[in-house]
Amino acid sequence: MTAPQIPDSNPRRAFIAAAGAGVAGLGFTVIAPGLHLMAVGQANAAEARKAGTVASPAVRWGLLIDANKCAPGCTKCIDACHTENGISEKLPDARQNSQWIRKIELVDRRNGRKTELPMMCQHCANPPCVDVCPTGASMKRADGIVLVDRHTCIGCRYCMMACPYKARSFVHAPLTQQNPEVPRGQGCVESCTLCVHRVDKGQQPACVESCPEGAMTFGDLNDPASAIAKRIASVPTTQVRADLRLNQGVRYEGI
Amino acid sequence: MKLLRDQSAALRTRSPVAYPGGMARGSLRRALHLGLLATLPERVTDFVKFVLVVFAAIAVSPAPTFAGEGGRTAKPVIEIANPGKCIAPAEEMRRNHMEMLKHQRDRTLRQGVRGEPASLNACIECHASKKTGSVLGGNENFCQSCHSYAAVKLDCWDCHQPKAGFKATGVKP
């Protein structure tokens, strides 16, 4: 089986991972006394990254959403997202409210078949929001999570225009009810972080955990042994607007 | 050359004609000067008297009072909920906390490094007020006290949560 992400597939990694597994739990191999070979290829959604270590470029976090399982009218994933990320504002103009994840309905006009699916930041490998950002605030982390650095964001909203998925929101009003782990504030653009604070602790994103239908799968696309990579390798999945060749980390099944 | 000489001659001859009142104006100026000088001694003595009175008033008034204990300089009043457990000595923290946090924020956000000693959430754990549970709100609260004293704008808390142990609630879509 080949890894789904071609640029990062590396046969040597399998060797390193296998060698690392030999020294159970240590995460490195002793090549010679005092010389250690660190195993960077291993990552597990259920395993917290050690304090002080950087996000690994060998990992590519991704999400697989099964639109067949997504229940019509259910908003559990949106509720969970709002609670987890402290999205509590209700502005007079509802269009100005932040929206990290939304439900969209697809209708096949020929036969009336309706499909619902959650839509959020697609965590592209080649993100247009990062391309257009004039300050470098819009960025992609080594493990594929696309984020906004609010310390450098000037709120120009160019990334909002560049995003083909309408995934980003601008914070219009001062906020006071933030989650301590999810800082957000007026004048900055924000979007789904793939619950980066949870992922770094070895947890799943809030939406994935909350889905009563089990329609969402989170994991490392680069790890052939992960549930998400196995599923993508065995059933047809779609990247929305694949023609843009952005190589999204969020994939859909059944659309 | 001839032309130039002619012009200068013309100028020379014209000058008394051009300013007929020269002498009269000069004498007026002199008269004004004399008048001013005549009045000056009175004014100078008045001014000196005034200055002396002001200095005397300053000298006898009580010494200016400053807030804080004993010092001549005002000091911010800081309330620390759990003192004595900081990641570095207070002097170093006072001088370098902004640099520590700046480097940490970049490592955490951009590289994904977690669990660093310097972190805003860790600051709040110890420094949030026991009364309000926050580092903001009043001039005795940890961050605000020094920052308002030093007149340094504090914008961390525009995005970060200043209350310890705050549980966010979401809104129904």
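**Ground rules**

I number residues from 1 along each chain as its sequence is written, with chains lettered from A and ligands numbered from 1 in the order in which they are written. Since the model is predicted, local features need pLDDT of at least 70 and side-chain atom pairs count only at pLDDT 80 or more, while totals for chains, interfaces and linings use all residues.

**Entry 1: the core**

I looked up the largest nonpolar core and got 51 residues. A nonpolar core here is a set of buried Ala, Val, Leu, Ile, Met, Phe, Trp, Tyr and Cys residues joined through C-beta atoms within 7 Å. Buried takes 20 or more other C-beta atoms within 10 Å of a residue's own, exposed takes 12 or fewer, and partly exposed is in between, with C-beta atoms placed from the backbone. Ile65(A), Cys81(A), Ile101(A), Cys207(A) and Met216(A) have the most contacts inside this core.

What does Cys207(A) touch, leaving out residues up to four places away in sequence? I noted Cys77(A), Ala80(A), Cys81(A), Ile101(A), Pro118(A) and Met216(A); contact means C-beta atoms, placed from the backbone, within 7 Å. There is also a second, separate core of eight residues, and Leu120(B), Cys123(B), Ile124(B) and Val135(B) are among them.

**Entry 2: helix H2 of chain A**

Just after H2(A), I found Gly86(A) with a positive phi of about 65°.

I followed E4(A) (residues 101–107) and E5(A) (residues 114–120), which pair in the antiparallel sense over seven bridges. Two strands count as paired if DSSP finds at least two bridges between them. Arg102(A) stands opposite Met119(A), and Leu106(A) stands opposite Thr115(A). Six residues lie between the strands of this hairpin, where Gly112(A) takes a positive phi near 75°.

Most residues other than glycine have a negative phi. I wrote down His123(A), with a positive phi near 45°, in the loop between E5 and helix H3 (128–132) of chain A. Buried or exposed, I asked of His123(A)? His123(A) is buried, with 28 other C-beta atoms within 10 Å.

Leu194(A) also went on the page, its phi being positive and near 60°. The loop that holds Leu194(A) runs between strand E9 (189–190) and helix H5 (196–199) of chain A. Leu194(A) is buried, with 27 other C-beta atoms within 10 Å.

**Entry 3: the three-stranded sheet**

I traced an open sheet of three strands in chain A, in the order E10-E3-E11 with mixed pairing. E10 (216–220) and E11 (250–253) are its edge strands, each pairing on one side only. Neighbouring strands are turned by 20° against each other on average, direction ignored; axes are lines fitted to C-alpha atoms, for helices over the stretch in contact, and angles run from 0 to 180 degrees between N-to-C directions.

E3(A) (residues 61–66) and E10(A) run antiparallel and are joined by five bridges. Gly62(A) has Gly219(A) as its bridge partner in E10(A). I also found H7(A), residues 227–234, packing on the sheet and touching E3, E10 and E11 of chain A. The direction of H7(A) makes about 110° with that of E10(A).

Chain B has five helices and zero strands, and buried residues make up 14% of its 173 residues. Among its contacts between residues at least 6 apart in sequence, 50% join residues at least 24 apart.

I then looked at where the chains meet: 21 residues of chain B are in contact with 32 residues of chain A. Helix H3 of chain B (residues 90–111) gives the most to chain B's side, with four residues. That side divides into seven nonpolar, eight polar and six charged residues. Nonpolar covers Ala, Val, Leu, Ile, Met, Phe, Trp, Tyr, Cys and Pro, charged covers Asp, Glu, Lys and Arg, and the others, Gly among them, are polar.

Methods: Contact = placed C-beta atoms within 7 Å. Helix = DSSP H or I, 4+ residues; strand = E, 2+ residues; numbered from the N terminus.
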